[in-house]
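Please keep the sequence and the coordinates at hand while reading.

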Amino acid sequence: MAMLTAKLSSPATNWLTGGRSPAGARRSAPARRATLIRATAGSYADELVSTAKSVASPGRGILAIDESNATCGKRLASIGLDNTEANRQAYRQLLLTTAGLGEYISGAILFEETLYQSTTDGKKFVDCLKDQNIMPGIKVDKGLVPLPGSNNESWCQGLDGLASRCAEYYKQGARFAKWRTVVSIPCGPSALAVKEAAWGLARYAAIAQDNGLVPIVEPEILLDGDHGIETTLEVAEKVWSEVFFYLAQNNVLFEGILLKPSMVTPGAEHKQRATPEAIAKYTLTMLRRRVPPAVPGIMFLSGGQSEVEATLNLNAMNQAPNPWHVSFSYARALQNSVLKAWQGRPENVEGAQKALLVRAKANSLAQLGRYTSEGESDEAKKGMFQKGYTY
């Protein structure tokens, strides 16, 4: 078992392990020795660190295509297609067989159905990704359900049976996992909901690491609301403080995780919009206050921002060096233009793949701090926020 340890032997630290407090400690007493377990990750520790570093590699980020079958159906319906397995397979094949994608994308989060699917030619989707040096990932949570005793809030289910599922996903080729829970500012958020979110994420992270999967830790702070950016900062700091407290309690190896936070922005209905520079300032302030530099990668979610907006904000956060790899894990902000270009027609596949490469390259440049929005289409500038969005 790999672990990081710290030994405490001075009288001033005996109180941490059951001795007298510093004020009452006798300096002449023999020093006690204690070992505190800081992090454990079983036999997978080295592999977890390697996987996390691979995903958090310069100029690359994550393509999130882990929508449930129902949500994928909504995507398909927007271009007039029925929600069938064949149509879902065709769309995901379009995405995962895009030549050159690995130059900009380091990981792809899949839904369970996709992890076990193959192309129409019989090649496993997992192998399509590996051929481009893209790490296959898997959504492992079972979705949001009402949280009794809260202010109309939710909690994320899926811990039951998680260990065995993670073991099977690893055998299938997945090397990282994703668990999304949400926090709502208009709902308070309540202390109960924050604690439930943080504890669930920590238990999931420990279980995932124990089975060889790098856990993406994602407490999404929803854009819903008319609050200002200062309120978002306050809530984000509170949430991430709880998350890291429970990650540590569960002996999660910080070098073997990735984070998927929301950017610190005003509520979607706030009367004043924030500039990319302001969003970068507030977001990086929150991260520096709450996230240890041992964490390899911060892979932001887009949360309903327009494609261009999400890219501009990421670019603003990479204008100076950060302690972590600051990148993207986008779904709609990478896929919207692709769907519009495809329209479900075989003759449009090549054009749709080019649209994906355009968006992936734009965000690659943003990760390097070299993106400009010059030449972006009006479609890419359209916001995608949906109040009460679920997937």
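Which helix, together with β10 and β11, makes a right-handed β-α-β unit? Helix α9 (residues 276-290) takes that place between the two strands' names in the unit β10, α9 and β11. A crossover is called right-handed if, with the strands pointing away from the viewer, the path from the first strand over the helix to the second runs clockwise. Helices (H or I, at least four residues) and strands (E, at least two) are DSSP runs, numbered from the N terminus.

The model is predicted, with local features requiring pLDDT of at least 70 and side-chain atom pairs counting only at pLDDT 80 or more, while totals for chains, interfaces and linings use all residues. Residues are numbered from 1 along each chain as its sequence is written, and side-chain values use heavy atoms, with hydrogens and water left out.

Strand β10 (residues 258-259) pairs with β11 in the parallel sense over 2 bridges; two strands pair if DSSP finds at least two bridges between them. Leu258 has Gly297 of β11 as its bridge partner. Within β11 (residues 297-300), Gly297 and Met299 point one way, Ile298 and Phe300 the other, and all are buried, that is, under 20% relative accessible area, whereas exposed means over 50% and partly exposed lies in between (1.4 Å probe, protein chains only). On to the next strand, β11 and β12 (residues 325-330) run parallel and are joined by 4 bridges, with Phe300 partnered by Phe328 in β12. Helix α10 (residues 307-317) makes a right-handed β-α-β unit with β11 and β12.

Strand β8 (residues 176-183) is largely enclosed by the rest of the structure, because 8 of its 8 residues are buried. Phe176, Lys178, Arg180 and Val182 point one way from β8, and Ala177, Trp179, Thr181 and Val183 point the other way. Strand β5 (residues 135-139) pairs with β8 in the parallel sense over 3 bridges, and Lys139 stands opposite Lys178. With β9 (residues 214-221), β8 pairs in the parallel sense over 8 bridges; here Phe176 stands opposite Val214. Strands β8 and β9 make a right-handed β-α-β unit with helix α7 (residues 191-210).

The axes of α3 (residues 85-96) and α11 (residues 332-342) come within 12 Å and cross at roughly 115°, where axes are lines fitted to C-alpha atoms, for helices over the stretch in contact, and angles run from 0 to 180 degrees between N-to-C directions.
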